[in-house]
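This report goes through the fold, the charged side chains and the surface of one protein. Please keep the sequence and the model at hand while reading.

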Amino acid sequence: MSKRPRYRWRTWFRGRLPRALVGLFPKGLKDCGQHEWFRFDDETDRCYHCEVGERPHQHMPVDWDSDLWRDLVRLADEGDADYQQLIRKLKREEREGELTRAA
Ligand SMILES: [Zn+2]
């Protein structure tokens, strides 16, 4: 029997609830079994799904055609300043990454 990754429904709820309610669905405490990473700070990546998932930051190219990216752009276009700032930051990091790779 293959085990499915844990805690996906919690992540799903966190992505759809107002921020004030996100605490009702905390990340899982155990290893989710298949980490999916986001950049937590300059040095660290963390898993969306569990508290265990943490690693030194690794550059991950942005998939500009992904649904996630399209959702980000839509939210920014609707005027959300946090998302507008996030998009500027991601675009800047991609440019810097390309310059580093080209050098
Ligand atoms: Zn995980």
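## Basis of the model

The model is predicted: local features need pLDDT of at least 70, side-chain atom pairs count only at pLDDT 80 or more, and totals for chains, interfaces and linings use all residues. Residues are numbered from 1 along each chain as its sequence is written, and side-chain values use heavy atoms, with hydrogens and water left out.

## Overall fold

The protein contains 3 helices and 3 strands, in the order α-β-β-β-α-α along the sequence. Helices (H or I, at least four residues) and strands (E, at least two) are DSSP runs, numbered from the N terminus. The C-alpha trace spans about 45 × 35 × 25 Å along its principal axes.

Of the 103 residues, 21% count as buried. Here buried means under 20% relative accessible area, exposed means over 50%, and partly exposed is in between (1.4 Å probe, protein chains only). The accessible surface comes to about 8100 Å², and 54% of it belongs to carbon and sulfur atoms. These areas come from the Shrake-Rupley method with a 1.4 Å probe; for residues, only the protein chains shown count as cover. Among contacts (heavy atoms within 4.5 Å) with a separation of 6 or more, 25% are between residues 24 or more positions apart.

## Charges and salt bridges

The protein has 21 positive and 20 negative side chains, and the centres of the two sets lie 6 Å apart. Lys and Arg count as positive and Asp and Glu as negative, while His and the chain ends are not counted. The place of a charge is taken as NZ of Lys, CZ of Arg, CG of Asp or CD of Glu. Side chains of opposite charge can pair when their charged atoms come close. A search of the whole structure gives 10 salt bridges, each being a side-chain nitrogen of Lys or Arg within 4 Å of a carboxyl oxygen of Asp or Glu.

One of them joins Arg8 and Glu36, at 3.5 Å from N to O. This pair links distant parts of the chain: Arg8 is in helix 1 (residues 8-16) and Glu36 is in the loop between helix 1 and strand 1 (37-39), 28 residues apart. Arg8 is partly exposed at 25% relative accessible area, and Glu36 is partly exposed at 40%. Arg46 forms a salt bridge with Glu54, with the closest N and O atoms 3.4 Å apart. Arg46 is partly exposed at 26% relative accessibility, and Glu54 is partly exposed at 47%.

Arg70 and Asp67 meet in a salt bridge of 3.0 Å, N to O. Both residues lie in helix 2 (residues 67-77), 3 residues apart, which is about one turn of the helix. Arg70 is partly exposed at 47%, whereas Asp67 is exposed at 55%. Elsewhere, a network of salt bridges links Arg39, Asp42, Lys89 and Glu93.

## Surface patches

Patches are made of residues with over 30% relative accessible area and no salt bridge; like charges are joined within 9 Å, and nonpolar side chains (Val, Leu, Ile, Met, Phe, Trp, Tyr) within 5 Å. Arg88, Lys91, Arg92 and Arg95 form a surface patch of positive charge. Arg95 belongs to helix 3 (residues 81-102) and is exposed, with a relative accessible area of 51%.

Trp9, Trp12 and Phe13 make a nonpolar surface patch of about 350 Å². Trp9 is placed in helix 1.

Leaving out residues up to four places away in sequence, Trp69 touches Val62, Asp63, Trp64, Ile87, Leu90 and Lys91. Trp69 and Ile87 are 18 residues apart in sequence, with 8.9 Å between their C-alpha atoms.

Tyr48 sits in the loop between strand 2 (44-47) and strand 3 (54-56) and is partly exposed at 37% relative accessibility. With residues up to four places away in sequence not counted, Tyr48 touches Thr11, Arg14, Lys27, Glu36, Trp37 and Phe38. The C-alpha atoms of Tyr48 and Thr11 are separated by 6.8 Å, although the two residues are 37 residues apart along the chain.
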